[in-house]
Amino acid sequence: MIEINYCNQCGAGVELRVPQGDNLPRYVCGECGAIHYQNPKIVAGCIPEWQGRILLCRRAIEPRYGLWTIPAGFMENRETVEQAAARETDEEARAKVDIAGLYGVYSIPHISQVYMIFRGEIVDGRFAPGAESLETVLFTEEEVPWEEMAIPVVVRGLKRYFEDRRRAVCEQLDDLEEGVRRKVVWWAEAHPKCTTRRRALRGGLPGGAGRGGSPCLAAGRGALRWRRAGRFAGLPRWWGGRRAWRSCRAR
Ligand SMILES: [Zn+2]
């Protein structure tokens, strides 16, 4: 609770006590009887997305100067929470976003804040550090500076966000036609020791624990054709890419 000393109605001193009919202590004016309620503040934030990456800001302000987080800030009066998320993204990352929807709500009771985090697509791919940011950078999941993040609740949200994204990819792969699927499984079995396999396992990608899904499996000659034909649309960029293929030591 923020400590207050004087009534903002009449200027007299206030005392902390439980008002009649209430069950929590409040600051109550001894003179005019005004009760000064305090409630949690809403922080609106956005996960700005651009071509599979997300945009993070490095803070140019205290607290946690120099650490990374998503664009977020206190909601203003007379705006919607979507507007607040878009405004903060514009102010801190100079990026215009189309708010795609609410991603998650996180309470931080010990500081009486509620984080409402939205997903938003960056409209034109343009961004730059605003006054409260040292820099703004697009990251893949692997590139996110997880050890240098400013706010634990944002880390929680982002981990879940990437998990959800992988699950969506997995569902898409389930939809692949049967022939392609069999080929994918064959490659997975042919490359059981693939070094990039761990990423697939972690992501719960097809062939997962038992069969050993491998992103290099999609980089064979046939797979490149599938890729060109758009059959791997929606899969992570590294899936079937030349980098995954090169880093596979099992060939
Ligand atoms: Zn008063």
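Three strands make up an open sheet, ordered β1-β2-β3 with antiparallel pairing; strands here are DSSP E runs of at least two residues, helices are H or I runs of at least four, and both are numbered from the N terminus. Two strands pair if DSSP finds at least two bridges between them. β1 (14-17) and β3 (35-36) sit at the edges with a single partner strand each, so one side of each has no neighbour in the sheet.

This is a predicted model, in which local features need pLDDT of at least 70 and side-chain atom pairs count only at pLDDT 80 or more, while totals for chains, interfaces and linings use all residues. Residues are numbered from 1 along each chain as its sequence is written.

**The protein as a whole**
- Seven helices and ten strands form the secondary structure of the protein.
- Two residues are in contact if their C-beta atoms, placed from the backbone, lie within 7 Å.
- Among contacts between residues at least 6 apart in sequence, 58% join residues at least 24 apart.

**Strand pairs to look for**
- Four bridges link β1 and strand β2 (residues 26-29) in the antiparallel sense, and Arg17 stands opposite Arg26 in β2.
- Strand β8 (residues 97-108) and strand β9 (residues 113-122) are also antiparallel, with ten bridges.
- In that pair, Gly101 stands opposite Arg119 in β9.
- The hairpin of β8 and β9 has four residues between the strands, and Ser112 there takes a positive phi near 50 degrees.

**The largest nonpolar core**
- A nonpolar core is a set of buried Ala, Val, Leu, Ile, Met, Phe, Trp, Tyr and Cys residues joined through C-beta atoms within 7 Å.
- The largest one has 27 residues, and Cys46 and Leu55 have the most contacts inside it.
- At least two residues each come from β4 (41-50), β5, α1 (81-93), β8, β9 and α2 (152-174).
- β9 gives the largest share, five residues.

- Leu55 is part of strand β5 (residues 53-59), and counts as buried because it has 23 C-beta neighbours inside 10 Å.
- Beyond its neighbours within four places in sequence, Leu55 has contacts including Trp50, Ile122, Phe127 and Leu138.
- Leu55 and Thr69 are 14 residues apart along the chain, with 9.0 Å between their C-alpha atoms.
- Cys46, leaving aside its neighbours within four places in sequence, is in contact with residues including Ile70, Ala85, Val97 and Phe118.

Conventions: A residue is buried if 20 or more other C-beta atoms lie within 10 Å of its own, exposed if 12 or fewer, and partly exposed in between; C-beta atoms are placed from the backbone.
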